[in-house]
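Let's take a friendly tour of a protein model.

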Amino acid sequence: MNSLTEILRSYKECQDKNAFKELDNMIYDYLSQAAIEQKDLLIEACKEVLEPCADRKNTGYQRQEEKMTKEFFCFILSLLMRLEKKTEDTNSLLKEILLGDFNADELYYIWNQFKRLSLKKMVQTDRESYNLLERIYRKSYGIYFEKTKSQLEKIPKEQRDPACIVVLTIQLLGMNHAPTKTLIERVKWLKKLGKKVFIVNTTEQYLAAGEIPIYDPAVGSVEESYRNAHVIRFGEDEFDFLQISEKMTIERKLRTVLRLIRQVKPFYILSMGTGSMTADLCGQAIPTASMALAFSNLPHTMNPMKILGRMIREEEKETFANMDVIESRFTFELKEQTHTFTRKEYRIPEDAFVLVIVGIRLDYELSDDFTKLLITLEKEGFFVVLAGKFETYSDWCQNDPVLEQNTNFIGYCEDMEALMEICDLYINPIRLGGGFSVIEAFAKGVPGVYTKTGDVFVSGGPDFAVNDLSEMKEQIERYRKDDAFYREMSAKAKDRAKLMTSSESAIRDLNDAIEQRVREKYW
């Protein structure tokens, strides 16, 4: 038994959340300085203290109540789940949450934490994991609904204002925050259509209410300057605004939003974001249309009206047949270019064929296979610029000396169009997001290469798509060698950018579709 085991075991009867926060900090510091051997010792220690809960019939663990507290079990298992990345550990924790004695706030807290863990690929999941998460969300929703249903009386459409829309978002930060920028672009056009728009930030992104001990939990960012604001300004546009305290429980958040909607009586609610319990409950009182910010996918919501930022594909029609899915065109407002960059200032060889990759989660999105592709290309003389957020860039460069020689990570870029002017080709790893940056490239005539998945494929369209990374390599090489092909695709890129920045018609069509559904199918 190692000393780590003794330290962990000393918490097995603990229920104090603050004590687990101290343990969390200690382990986080230990891991930040630990060698691989020390990490292995911690894994061994976790397994030793969980041994009494080992499921002999199946892989994974099942808590024995007399052996340890639920707080201890959840914390240690969440730590092991992060260290080893095994689905059986993930699912053991989710089963404990689903079947154990947890209230609605705690269930929703865990669901939110897993939203981040899954997105950033910090844990291993499978189909069972997603089914368990869905059951956790629905259980939480059911408890909330039973407790609040007396407040959720429907407001008939005859009593509602056809010119009023309440927009709910789980997080609102500055215009450098892509989801915030997406929301503001849409509400500006709704205002230009003559709508009176109320924006409500429910602050549900990784909310603190319902916190239970898990390793290294996420805490949602909140813009302090919005805290007491009643009006919010973006450019020349002002909007009535409400930011709900991040410390409030869902029931208190709901009461706050319900007071507003009973006062202004919107014709419908537009919920923007991935999973909002507040919006799902409000949908019992006012018809609510939900839109995911990863617009190529359907939003996660209990509300029937779901907005898809593209057309339904043939293979999806049967799946979506019994859903109320609104097909739409997800568009973008490009930031005005105000700079001119040179290759010299970004350490880019003047004669290189330059590939550009943009993302705020590059630590998790550059897979081993994609990295191997870049190494091969760089050895053939390509240069790669990476922009966005990439905290592990230095470690990533250790994969091969050529990465350090032929790449440059420039951090967040304030003027993406200026950056695109000094690059030759936009490329995208296999991921969900990135839909905005490809249009910034296209606007400058920089074509792209990406696979047929995620937001980039929806934004950029099929003309630039390939089936896999092998085809991606071939296409990248063709762009460098075939000038006529490059010019042809550059022209297509500019045309695509014009289509995907035609926001007025897209938002008008979306609003018309929602209003028609509200009149014909809802109360």
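## A buried cysteine

Cys423 has a relative accessible area of 5%, so this residue counts as buried. Keep in mind that the model you are looking at is predicted. Where is the closest cysteine sulfur to that of Cys423? It belongs to Cys413, and the 9.1 Å between the two sulfurs is too far for a bond.

## Another cysteine, and the disulfide count

Cys164 is buried as well, with a relative accessible area of 2%. For the sulfur of Cys164, the closest cysteine sulfur sits in Cys282, 13 Å away, which is too far for a bond. A disulfide needs the two sulfur atoms to be within 2.5 Å. Across the structure, the number of disulfides is 0.

## The overall fold

Now zoom out. The protein contains 21 helices and 14 strands. Its radius of gyration is 25 Å, close to the 24 Å from the globule rule for 523 residues, so the protein is as compact as a globular protein of that length.

Of the contacts with a separation of 6 or more, 68% join residues 24 or more positions apart.

How much of the protein is buried? Buried residues make up 56% of the 523. The accessible surface is about 23,700 Å², and carbon and sulfur atoms account for 47% of that surface.

Charge is the last stop. There are 73 positive side chains and 84 negative ones, and the centres of these two sets are 5 Å apart.

Definitions and conventions
Residues are numbered from 1 along each chain as its sequence is written. This is a predicted model: local features need pLDDT of at least 70, side-chain atom pairs count only at pLDDT 80 or more; totals for chains, interfaces and linings use all residues. Side-chain values use heavy atoms; hydrogens and water are left out. Helices (H or I, at least four residues) and strands (E, at least two) are DSSP runs, numbered from the N terminus. The radius of gyration is taken over C-alpha atoms; the globule rule is 2.2 Å times the number of residues to the power 0.38. Buried means under 20% relative accessible area, exposed over 50%, partly exposed in between (1.4 Å probe, protein chains only). Contact means heavy atoms within 4.5 Å. Accessible areas come from the Shrake-Rupley method with a 1.4 Å probe; for residues, only the protein chains shown count as cover. Lys and Arg count as positive and Asp and Glu as negative; His and the chain ends are not counted. The place of a charge is taken as NZ of Lys, CZ of Arg, CG of Asp or CD of Glu.
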